[in-house]
Amino acid sequence: MSGLKKLVLSLLIGFLAGSFLLTSHTLAAEPQAKARKVDVIAHRGASGYAPENTIAAFDKARKMMADYIELDVQMSKDGKLVVIHDTTVNRTTDIDSEAPVNVKDLTLAELRKLDAGSYFGQQFAGERIPTFEEVLDRYKGKIGLLIELKEPARYPGIEEKVAAALKKRKLDRPKRKVVVQSFDFASVRKIHELLPAVPTGVLTSRFSDLTDAKLNDFAGYANYVNAHLGNVAADPTMVPRIHKLGMKITPWTVRNRDEVPLLLQAGVDGIVTDYPDYVPKKVR
Ligand code: G3P
Ligand code: CA
């Protein structure tokens with residue numbers, strides 16, 4: 001090889017090597033496309049792993065690094081706020097009755113005697129129906145709280161009591177990771193009036209037709225439209241329409257791992273699930 005050819009060849013090799021190094025350096029320095037973060041909301045606590053709406057389920061949610069626990073609030077006969085989903089105690093306690101027994105017909109003392117864990121598994125025997133205040137005191141500042149007022153029309157004055165309990169703990173201030181939601185829109189409006197700095201959410205049922213007019217109305221008093229996950233799957237315009245109005249959406253309720261990718265793809269802000277570990281770590 002002539003001297004000139006050797007020079008050209010070495011320049012070419014040098015150029016190629018240089019551009020390879022430059023390219024790899026550029027790629028290494030390029031920030032990775034950031035995965036969008038979604039909130040993981042443990043539905044009634046991590047209720048796939050522990051009895052729903054109990055301290056065991058809420059503690060489990062914390063251990064599983066959920067962002068929020070979701071809890072259902074109702075009222076006892078003597079006006080105390082309690083955390084339970086059904087309006088009767090039969091499904092989730094050891095009440096000795098074939099006939100339905102209403103939460104609102106039992107005093108707090110009577111409700112507290114019931115075992116709210118053994119229906120799920122003997123290892124949870126002795127779990128109690130928590131009071132709302134007990135849950136606030138145990139978890140405030142440690143995990144977010146998504147508080148659902150369950151059938152509030154049965155419990156006149158429940159909004160004022162919930163508001164007072166939150167105010168007493170200064171949880172009515174901005175950025176406290178507290179959200180109050182309900183299927184009862186009048187109740188959500190009332191909470192918004194009582195606690196203007198606390199984000200609110202409307203819960204909508206599976207077969208709701210979420211028209212622009214309805215969403216516009218919600219935007220007047222709510223920060224979240226928490227639709228059934230089936231609605232999100234059926235209507236790809238829903239999430240962008242909610243976001244356009246400045247609201248968020250955390251649909252309910254994932255009980256099947258396969259439902260997660262679709263919700264992430266749709267751009268939801270959070271996922272309500274009985275199984276917090278179903279939401280992949282990279283988006284949390
Ligand atoms: O947070 C959504 C979800 O809790 C609503 O349904 O019946 O499980 O209270 P439900
Ligand atoms: Ca609920």
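Which protein donors does the calcium ion (ligand 2) have?

## The calcium site

They are Glu70 (OE), Glu70 (OE), Asp72 (OD) and Glu148 (OE), lying 2.1 to 3.1 Å from the ion. Donors here are N, O and S atoms within 2.8 Å of the metal (3.2 Å for Na, K and Ca), and water is not among the atoms, so sites may look incomplete. Along the sequence, the donor residues follow the spacing E-x1-D-x75-E.

The site has six donor atoms with angles of 45 to 173° among them, and it counts as irregular. Glu70 and Asp72 are both buried, meaning under 20% relative accessible area (1.4 Å probe, protein chains only).

## Around ligand 1

Glu70, Asp72 and Glu148 turn up again around ligand 1, along with others including His43, Arg44 and Trp252; each has a heavy atom within 4 Å of it. A side-chain N or O atom of Arg44 sits 2.7 Å from a ligand 1 oxygen. For Glu70, a polar side-chain atom is 2.7 Å from an oxygen of ligand 1, and for Asp72 that distance is 3.4 Å. The protein buries 92% of the 300 Å² that ligand 1 exposes when taken alone (Shrake-Rupley method, 1.4 Å probe).

## About the model

This is a predicted model, where local features need pLDDT of at least 70 and side-chain atom pairs count only at pLDDT 80 or more, while totals for chains, interfaces and linings use all residues. Residues are numbered from 1 along each chain as its sequence is written, ligands are numbered from 1 in the order written, and side-chain values use heavy atoms, leaving out hydrogens and water.

Terms used. Tetrahedral: all angles 85-135°; square planar, octahedral: opposite > 155°, others 65-115°. Buried < 20%, exposed > 50% of the residue type's maximum accessible area, 1.4 Å probe, protein only. Polar contact = N/O pair within 3.5 Å; in protein donor to acceptor, adjacent residues only side chain to side chain.
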